[in-house]
Every structure is written in structure tokens, then in C-alpha cells.
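Q: Please take a close look at the aromatic pairs of this model and at the nonpolar core around them. A connected account, with the criteria behind each term, would be appreciated.

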Amino acid sequence: LTGQAAVNSFLHQCEIANSNFDGTLNVIPHMIFAAGNENNECYTFKEMLSQPDRQQFLEAMLKETAEHESRGHWLVVQRSSMPENTKPIQAIWSFKRKRY
């Protein structure tokens, strides 16, 4: 996926995640992927989308989530299927360019 199609794919994945909530927790807003902006190195999701190299960020996101899913690191479940008083682990994305 490239360009807007990659953005749309990621936003669709957020909507799929949100559909797994049963009303006991607010939905995952797209801005939950926020991070501080120190020295113009870290970006929120919205800021990342305005960067000229946003395609590389999106490809890295898709690659990372696919690797976690293929290795069985996480499982998306309905909150209603979880034992009472169990809290799911929330994730926050922080976007930073790697320097070599």
C-alpha cells in the first residue's frame, strides 16, 4: 500500500479495533498515538501524516503490527469476554526517524 491507501488502511484498522470494544471503554481515538515533540524528532500520528516521508512511517507501522500478529504477541478480544476487573494493555505509537 502506498500514499492515501496506506493511511486509509491504517485508519480502517483503528476502526476494527474500536469495534471490539463493548461500551465499557471509550473508543481508541486516532490521537492516542501521541508522543512528545522534542527537537522535531518525535511525532504524533497527525504530525507524522504531514511529513514528506510519511509513507515510510506507515510502511513501518504495518510491518511492525504484522510481525507482532504473526508471532502471536497479542490478540484482539472483546472486552465482554474478559474476566471481570481485567484491564487490557493500551498501546501508544511514537514516530521517530532512525539515524544510522
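A: Read from the N terminus, the elements of the chain follow the order α-β-α-α-β. In total there are 3 helices and 2 strands, where helices (H or I, at least four residues) and strands (E, at least two) are DSSP runs numbered from the N terminus. The model is predicted, so local features need pLDDT of at least 70 and side-chain atom pairs count only at pLDDT 80 or more, whereas totals for chains, interfaces and linings use all residues. Residues are numbered from 1 along each chain as its sequence is written, and side-chain values use heavy atoms, with hydrogens and water left out.

The structure contains 3 aromatic pairs. Rings of Phe, Tyr and Trp (its six-membered ring) pair if their centres lie within 6.5 Å; planes under 30 degrees apart count as stacked, over 60 as edge-to-face and the rest as tilted. The ring centres of Phe45 and Phe95 are 6.2 Å apart and their planes stand at 50 degrees, so this pair is tilted. Because Phe45 belongs to helix H2 (residues 45-49) and Phe95 to strand E2 (residues 95-96), the pair ties together parts that are 50 residues apart in sequence. Phe45 and Phe95 are both buried, that is, under 20% relative accessible area, with exposed meaning over 50% and partly exposed in between (1.4 Å probe, protein chains only).

Phe95 also pairs with Phe57, in an edge-to-face arrangement with 5.8 Å from centre to centre and 85 degrees between the planes. This second pair links distant parts of the chain, since Phe57 lies in helix H3 (residues 54-70) and Phe95 in strand E2, 38 residues apart. Phe57, like Phe95, is buried. Through ring pairs, Phe45, Phe57, Trp93 and Phe95 are linked into a cluster.

The largest nonpolar core has 12 residues, among them Phe45, Phe57, Trp93 and Phe95. Such a core is a set of buried Ala, Val, Leu, Ile, Met, Phe, Trp, Tyr and Cys residues joined through side-chain atoms within 4.5 Å. Helix H1 (3-19), H2 and H3 are the elements that give two or more residues to this core, and H1 provides the largest share, 4 residues. Other members include Ala6, Val7, Tyr43 and Met61.

For the chain as a whole, buried residues make up 25% of its 100 residues. Among contacts (heavy atoms within 4.5 Å) between residues at least 6 apart in sequence, 62% join residues at least 24 apart.
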